[in-house]
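Hello,

Here is the structure I promised to hand over. Please open it first, then read my notes below.

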Amino acid sequence: MPNTLLFSVADNVATITFNRPQNMNSFNKEMADELEVVTETARTDKTIRAVLLNGAGPLFMAGGDIEFFHENIDKMPEGILKIIHSLNAAIINIMQMGKPVVASVHGSVAGVGISLMSACDLVIAADTTKFTTAYSGLGISPDGGASYLLPRLVGTKKAMEWLMLSELFDAQTALTHGLVNWVVAPDLLATETQRILKKLATGPTQSYANIKKFVNEGWQNDFETHLEREGRGFESCSLTQDFKSGVTGFVKKHKPQFIGQ
């Protein structure tokens, strides 16, 4: 069992919870190793059709473990790349698994928390949440793909601003710039998160997988290549039971029953 995470599966939804509330869910080597393992499990388990990423206690994640850096400041960069490589593997699992990943955030999201949140497909935030990239304030550069993902999500200039100045911004600002999808009152966060997850976990899984793949890979291909890949994805989905259910439901005017196949 993980020590820094909680991992559970219910109703085809895997929940991954950062669980170091006494340390503000700060990211350390043990968490990196465990996150790599559980995201690989979520990625490969075909019974899991949606994934939730959230944080225990009063916040989502306060970034990297500053105490670890302080205690090992004279040994740097010893051990850093081992943490980074496990983090990178987890980020890749999140972005490449053929199922939707939702981040539900509250309290504070900082540093690598921003990277992990940005790697998720959808993000819902409590309206009291505060965000900061934090890196430059510590004299360090980004990790976990922040410098790759943020420009694509919010534009180059805004990404530069947030990364260079490391200033706090609120949930409404995150919503305005497209960093999150929804902002809700804190007392509605859990309910709204579950509503979204239920819809995703009972939806057309192969359709979601193709949508995710094409959106995330679209930056890497020219338009002609993308059109061909998109067309082949359409073709593969046309063979699924969910497509048959969707078309039949549309024609006969009843709600389709998607089984994820």
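Start with α9 (205-217): this helix gives the most to the lining of the largest pocket, with 10 residues. Keep in mind that the model is predicted.

The largest pocket holds about 1,000 Å³ of space. It is lined by 38 residues. Closest to its centre are Met95, Ala119, Asp121, Lys212 and Asn216. Besides α9, the elements that each supply at least two lining residues are α3 (80-96), α4 (112-119), β6 (122-126) and α5. Sorted by class, the lining has 21 nonpolar, 11 polar and 6 charged residues.

Now the second largest pocket. Its volume is about 620 Å³. Of its 28 lining residues, Phe69, Ile80, Leu138, Ile140 and Asp143 are the closest to the centre. Two elements give two or more residues to this lining: α2 (66-71) and α3. The most come from α3, with 4 residues. By class, this lining has 19 nonpolar, 7 polar and 2 charged residues.

Where does isoleucine 140 sit? It is in the loop between β7 (130-132) and α5 (146-154). Is isoleucine 140 buried or exposed? Its relative accessibility is 51%, and exposed means over 50%, so isoleucine 140 counts as exposed.

Best wishes

Definitions and conventions. Residues numbered from 1 in each chain as written. Predicted model: local features only at pLDDT ≥ 70, side-chain atom pairs only at ≥ 80, totals over all residues. Heavy atoms only, no water. Buried < 20%, exposed > 50% of the residue type's maximum accessible area, 1.4 Å probe, protein only. 1 Å grid on protein atoms, 1.4 Å probe; cavity = no way out; pocket = protein on both sides within 12 Å on 5 of 7 lines; lining within 4 Å. Points joined across faces, edges and corners; volume = space filled by probe spheres on them. Nonpolar A, V, L, I, M, F, W, Y, C, P; charged D, E, K, R; others polar.
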